[in-house]
Amino acid sequence: MKRNYYCLISGLPELKWDDRKPSLGIVSFREMLIPEIHPSDMRLVSMLYLPYDHSNILNRLYKKDVAFDLRGNYDSAQIDRLCTHLVYDDGEKIETEKYIDSFLNLFFEADEKPSRVQAEKELTTGWLELIRKSGNKFLAYYSDFELLTRNIFTAMLGQKYNTPVADILVGES
């Protein structure tokens, strides 16, 4: 992002110390951004919403009966189509990130499905790599921060519950 988006700051609602709930949610914020920022910058922003898509995909693949998370980039019908192994009657393929396509192909071709934890690790690893290689310095730093934070919390929980975590840590750190 090399453009200055002063309109984003000036257009945000006023926040007060005693506010219990923000008046602008994450979905509304994304909708507000779409007409205001350049498409290449919106692509960078949409990368930050991919973990919500991961949850929706995993919930469908592992048949977890939870409400669809609207914060993702893909709607419920698109997630349904992705989770039926990219086979479409109309020949139209949903454009996704390469790491999501790779994960889904491996998932459906595997004789033994990975555990949900392993599947989540695969998607998270792909996502962090995507944002690290996005060409945006802020997102690269964010990726490193997110990786370290997730691994630290995972290690702390493993230690607390006396559970080995080496197989579920993300990356090499």
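Me: What percentage of the residues in the protein is buried?
Reply: This is a predicted model, in which local features need pLDDT of at least 70 and side-chain atom pairs count only at pLDDT 80 or more, while totals for chains, interfaces and linings use all residues. Residues are numbered from 1 along each chain as its sequence is written, and side-chain values use heavy atoms, with hydrogens and water left out. Buried means under 20% relative accessible area, exposed over 50%, and partly exposed in between, with a 1.4 Å probe and protein chains only. Of the 173 residues in the protein, the buried part is 34%.

Me: How many helices and how many strands are there?
Reply: Helices (H or I, at least four residues) and strands (E, at least two) are DSSP runs, numbered from the N terminus. Along the sequence the pattern reads α-α-α-α-α-α-α-α. The count is 8 helices and 0 strands.

Me: Of the contacts with a separation of 6 or more, what percentage comes from residues 24 or more positions apart?
Reply: Contact means heavy atoms within 4.5 Å. Among contacts with a separation of 6 or more, residues 24 or more positions apart account for 51%.

Me: Which helices do the buried residues of α7 pack against?
Reply: Helix α7 covers residues 116-132 and has 17 residues. The expected span of a helix is 1.5 Å times one less than its number of residues; α7 reaches 24 Å from its first C-alpha to its last, close to the expected 24 Å. Its buried residues include Leu123, Trp127, Leu130 and Ile131. They pack against α3 (39-47), α4 (50-61), α6 (98-109) and α8 (137-160).

Me: Which backbone nitrogens does the side chain of Asn136 reach?
Reply: Asn136 lies in the loop between α7 and α8, and its relative accessible area of 14% makes it buried. A polar contact is a pair of N or O atoms within 3.5 Å; within protein, one must be able to donate a hydrogen and the other to accept it, and residues adjacent in sequence count only if both atoms are side-chain atoms. The side chain of Asn136 has a polar atom 2.9 Å from the backbone nitrogen of Leu139, and at 3.0 Å it reaches the backbone nitrogen of Phe138.

Me: Which helices are included in what covers the buried residues of α6?
Reply: The 12 residues of α6 should span 16 Å at 1.5 Å a residue, and its end C-alpha atoms are 16 Å apart, which agrees. Buried in α6 are Tyr99, Ile100, Asp101, Phe103, Leu104 and Phe107. Their cover includes α4, α5 and α7.

Me: Why is the pair of Tyr62 and Phe107 edge-to-face?
Reply: Rings of Phe, Tyr and Trp (its six-membered ring) pair if their centres lie within 6.5 Å; planes under 30 degrees apart count as stacked, over 60 as edge-to-face and the rest as tilted. The structure holds 5 aromatic pairs. In the pair of Tyr62 and Phe107 the ring centres are 5.7 Å apart, and the pair is edge-to-face because the planes are at 75°.

Me: Is Phe107 buried or exposed?
Reply: Tyr62 is in the loop between α4 and α5 (76-82), and Phe107 is in helix α6, 45 residues apart. Tyr62 counts as partly exposed at 24% relative accessibility. Phe107 has a relative accessible area of 6%, and so is buried.

Me: Why is the pair of Phe103 and Phe107 tilted?
Reply: Phe103 and Phe107 are 4 residues apart in helix α6, about one helical turn. Phe103 counts as buried, at 7% relative accessibility. The ring centres of Phe103 and Phe107 are 6.0 Å apart, and the pair is tilted because the planes are at 40°.

Me: Which ring has the charged end of Lys113 over it?
Reply: A charge sits over a ring if NZ of Lys or CZ of Arg is within 6 Å of the ring centre and within 35 degrees of the ring normal. Arg30 lies over the face of Tyr49, at 4.5 Å from the ring centre. The charged end of Lys113 is 5.1 Å from the centre of the ring it sits over, that of Phe107.

Me: With which side chain does the side chain of His38 make a polar contact?
Reply: His38 is in the loop between α2 (26-33) and α3, and is partly exposed at a relative accessible area of 35%. Not counting residues up to four places away in sequence, His38 touches Arg3 and Tyr5. The polar contact, at 3.5 Å, is with the side chain of Arg3.
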